[in-house]
Amino acid sequence: MARVQRRYACQLCGSVASKWQGQCVDCGEWNTLVEEAGGVVTPFAAKHDLRAGGRAITLSGLDADVALPPRLATGIAELDRALGGGLVAGSATLIGGDPGIGKSTLLLQAAARLASAGTRVAYISGEEAADQVRLRARRMGLGHAPVQLATATSVRDILTTLDTGAPPALLIIDSIQTMHSDLIDGAPGTVSQVRASAQELIRYAKERGTALVLVGHVTKDGTIAGPRVLEHMVDTVMAFEGERSHQYRILRAVKNRFGGTDEIGVFAMATQGLEEVANPSALFLTQRGEAISGAIVFPAMEGTRPVLVEIQALVVRLASGATPRRAVVGWDSGRLAMILAVLEARCGLSFSTCEVYLNVSGGYRIADPGADLAVAAALVSALAERPLSADAVAFGEVALSGEVRGVAHGALRLKEAAKLGFGRALLPAAMREDGGALTLNGFTTVGALVDHLLGR
Ligand code: TYD
Ligand code: MG
């Protein structure tokens, strides 16, 4: 006789408990344990295993014919590029980003562009009143686009309404954290609500061939609020980022089941919404201005994503014998001391009577060891008061021996630098990367870098 056992699974981390508890013992989250439907059959019943009685499925090779999924190009080239050619019909895309970064603006522009071209687009806002969205659209000159707009937070209301007509080709939900499913308890924004609402919306999108775009809020630590599982449920995860004090915004794919994740889209926030930046280097380099000594761009990696930051060094010679200061913003001061020691011991440069300041632009904090070579280049340039070429980037790890060592993701860093308009990269000689349009200068030791920079 099969014995049915009760089992409770945490809806956040998936850990299983034999009795209900208020708090999951594994992830520490509260009220996430839910009884698994049907319970579990214990091994006493193992006689009835799963090896018979099912339907036969067809197994076929990887070369079987498949049609490419139809793409819905938004006409916003930077957005389409980041998406890998446009939104995919019947797929779900999650766009995450800090509040005020421009997610609603970007999606409203995409919606208006598609609607004006004759595509059925529904834009459901759970955060802003419909009139607020209308006013914004009017301000951006998009007031006449035939977007189907509504304010709603009930997933049942939304799906009931959509089911009365032909399905939209694009459905935008702004944001998933405001949506509510009445199938389960809990306030909008809770783990289970976000998950249940997303599940229903994704099911609708798959059944109707609608391209679904969900806006997701981002928490302080940069992850999309709500269950991690949301990222697993959707086909594509895009991150919209930028410094709010700066006007440029970068859209990148974090996950893409229909394309690569190494393309980015660059925008600038203007008075009429987001403008595409076809040549981002122009924007980035105008902010940098003329080549000055002590500044170089470092293609950093944030997780698996490249981010270009400028590293600035200032070296001030002291007349007196006072102890020179070393100040660092955005990098590790121990690491700076190490690079200075290597430059002194292996390359014969002297910083001992100089104050050294190191700054990473844009308030970034770099943890990536690949910054060593860029820091060394900035220091040498600052000491010698020789500007580095303004279109150069540098990356590589420096060992205590003075050797320059390879770092991960060389190809991604180079690709990002090329995309942002740089023309030259200083990198470890051991990294045999394809630079594409970039001129590559490989170095085996810091000494070779110093010789190169000082024209020795
Ligand atoms: P929004 O799209 O509402 O951000 P999100 O949905 O990601 O929270 O963008 C809001 C910000 O963008 C707001 O601070 C003002 C700015 N903005 C402009 O500078 N110009 C514009 O034309 C628009 C529409 C917004
Ligand atoms: Mg918004």
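Before I start, a word on conventions: residues are numbered from 1 along each chain as its sequence is written, and chains are lettered from A and ligands numbered from 1 in the order in which they are written. Since this is a predicted model, local features need pLDDT of at least 70 and side-chain atom pairs count only at pLDDT 80 or more, while totals for chains, interfaces and linings use all residues, and side-chain values use heavy atoms, with hydrogens and water left out.

Let me begin with the whole protein. It contains eleven helices and 25 strands, where helices (H or I, at least four residues) and strands (E, at least two) are DSSP runs numbered from the N terminus. Of its 456 residues, 46% are buried, and by buried I mean under 20% relative accessible area, with exposed being over 50% and partly exposed in between, using a 1.4 Å probe and protein chains only. Among contacts with a separation of 6 or more, 65% are between residues 24 or more positions apart, a contact being heavy atoms within 4.5 Å. The protein exposes about 22,500 Å², of which carbon and sulfur atoms supply 52%; such areas come from the Shrake-Rupley method with a 1.4 Å probe, and for residues only the protein chains shown count as cover.

Next, the interior. In soluble globular proteins, nonpolar side chains tend to be buried together. A nonpolar core here is a set of buried Ala, Val, Leu, Ile, Met, Phe, Trp, Tyr and Cys residues joined through side-chain atoms within 4.5 Å. The largest such core has 64 residues, and Leu343 and Leu379 touch the most other members. Helix 9 gives the most to this core, with ten residues. Because domain 2 (72-278) and domain 3 (283-454) both give residues to it, this core lies between them; the domain bounds come from an automatic or database domain assignment. Leucine 343 itself, if we leave aside residues up to four places away in sequence, touches Gly348, Leu349, Phe351, Ala376, Leu379, Val380, Val446 and Val450. There is also a second, separate core of 34 residues, which includes Leu72, Ala110, Ala211 and Val213.

Now to ligand 1. Which of the 15 residues around ligand 1 come nearest? They are Gly100, Ser104, Thr105, Ala270 and Gly273, with a residue counted as near if one of its heavy atoms lies within 4 Å. Helix 2 (103-116) and strand 15 (264-270) each supply at least two residues of this shell, and helix 2 gives the most, with three residues. As for polar contacts, meaning pairs of N or O atoms within 3.5 Å, a backbone N or O atom of alanine 270 lies 2.7 Å from a nitrogen atom of ligand 1. A polar backbone atom of threonine 271 is 2.9 Å from an oxygen atom of the ligand, and for glycine 102 a backbone N or O atom is 3.0 Å from a ligand oxygen atom. The protein covers 72% of the 560 Å² of accessible area that ligand 1 has on its own.

Finally, the backbone. The peptide bond from aspartate 174 to serine 175 is cis, with omega near 5°, and serine 175 lies in the loop between strand 11 (170-174) and helix 5 (191-208). Glutamate 385, in the loop between helix 9 (372-384) and strand 21 (392-394), has a positive phi near 55° and is exposed, at 63% relative accessible area. Histidine 409 has a positive phi near 60°, and at 36% relative accessibility it counts as partly exposed.

How values were computed. A polar contact is a pair of N or O atoms within 3.5 Å; within protein, one must be able to donate a hydrogen and the other to accept it, and residues adjacent in sequence count only if both atoms are side-chain atoms.
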